[in-house]
Each structure stands twice: as structure tokens, then as C-alpha cells.
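Thanks for coming. I will go through one structure today, starting with the whole chain and then moving to a few places in it. Please have a look at it first.

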Amino acid sequence: MKCWSTGRFAALGDRLAMELGAKVILVGGGAERELARDICSQMRSEPLNLVEKTSLLQLGAVLARCNLLVSGDTGPMHMATAVGTPVVALFGAIEPLRTGPVGNGHTVIRHGEIDCVPVMGRDARIAITWNAWKK
């Protein structure tokens, strides 16, 4: 599956907030609404949930103000690279050389023990992206 679990995103968000003092922001479209609610319900810290609340132009502005984006293979991942925000990209069965972040300063974390690598399908495209505001 291409999507990291909501529990893992929630744990990462809490860790970023508690250990680094980061303000965690969730972004995404309408398809991610339930995932965002699930993540928010599992977090101890309170993220800013912007899922389904920004236009593409506003999303670009939000991403430009972030220190970091942690994301699967999503549109916001590519937008973050375009506005100069470093990305930690989480990949599983999708080939990161084909669809990963472009440019320098990004990190790709890939699960190396998935039998179906590489997969190029669209049936597992949901992901939530995380951001920490620049100070």
C-alpha cells in the first residue's frame, strides 16, 4: 500500500511537536478528509487541519512557509519541491526514481521489503502531508 498509516502520521506529528516544537499542519483534498480526522483524533498535540480548506495557490503559499514536508507521493510533495521546501518522501510500492521529489535537499525513505515493488497503479494514492512552520 502506498499510504502510511494514520497512526504513524499521528505519532510522527506528536514527536515533531513535542521534541522540536513544530506546529504540525495537515494538508490535502476532499479525499483525505476522513484520514485527517483520524490522524487528529489520535494526536496528543493539536495540529492545524487545512485539509480541503485551501486553493492550490493557498497551498503553495502554506508550503512555502514550511521548514519541512513529510509526505507520500502526492501533489503537495511536488508543490513543496517547486517552492523550495525540503521534503521527506515516504515510498513503498511506487518507484521514487520515477515519481519522487525533484531537486536537492530532499530525502526519500523507501520500504525495501514489499513484494510488489514497483507498482505504478493509482488505486492507493491517498496520503496526508505534514508541515512544520518556518520560524
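Among contacts in the protein chain between residues at least 6 apart in sequence, 51% join residues at least 24 apart; contact here means heavy atoms within 4.5 Å. Before I go on, this is a predicted model: local features need pLDDT of at least 70, side-chain atom pairs count only at pLDDT 80 or more, and totals for chains, interfaces and linings use all residues. Residues are numbered from 1 along each chain as its sequence is written, and side-chain values use heavy atoms, with hydrogens and water left out.

The protein chain has five helices and six strands. Helices (H or I, at least four residues) and strands (E, at least two) are DSSP runs, numbered from the N terminus. Read from the N terminus on, the order of elements is α-β-α-β-α-β-α-β-α-β-β. Of the 135 residues in the protein chain, 42% are buried. Buried means under 20% relative accessible area, exposed over 50%, and partly exposed in between, with a 1.4 Å probe and protein chains only.

Now the helix pair α1 and α2. Two packed helices are described by the angle between their axes and the distance between the axes. The axes of α1 (residues 6-20) and α2 come within 8 Å and cross at roughly 50 degrees. Axes are lines fitted to C-alpha atoms, for helices over the stretch in contact, and angles run from 0 to 180 degrees between N-to-C directions. α1 and α2 are therefore oblique to each other; angles under 35 degrees count as roughly parallel, over 145 as roughly antiparallel, 65 to 115 as roughly perpendicular and the rest as oblique. From α1, the contact is made by Thr 6, Gly 7, Phe 9, Ala 10 and Asp 14, and from α2 by Leu 35, Asp 38, Ile 39 and Gln 42.

The side chains of Ser 45 and Asp 14 make a polar contact at 2.7 Å. A polar contact is a pair of N or O atoms within 3.5 Å; within protein, one must be able to donate a hydrogen and the other to accept it, and residues adjacent in sequence count only if both atoms are side-chain atoms. Leaving aside neighbours within four places in sequence, Ser 45 is in contact with Gly 13, Asp 14 and Ala 17.

Next, strand β2, which holds Asn 49. Asn 49 is partly exposed, with a relative accessible area of 21%. Its C-alpha atom is 5.8 Å from that of Ile 25, 24 residues apart along the chain. A polar atom of the Asn 49 side chain lies 3.0 Å from the backbone nitrogen of Val 51.

In the loop between β2 and α3 is Glu 52. Most residues other than glycine have a negative phi. What is phi of Glu 52 near? It is near 70 degrees, a positive value in a residue other than glycine.

Leu 63 is buried, with a relative accessible area of 0%.

Last, helix α4 (residues 75-82), whose buried residues are Pro 76, Met 77, Ala 80 and Thr 81. Seen down the axis of α4, these fall within an arc of 145 degrees, so they line one face of the helix. The arc is that of the directions from the helix axis to the C-beta atoms. After α4 comes Gly 84, with a positive phi near 85 degrees.
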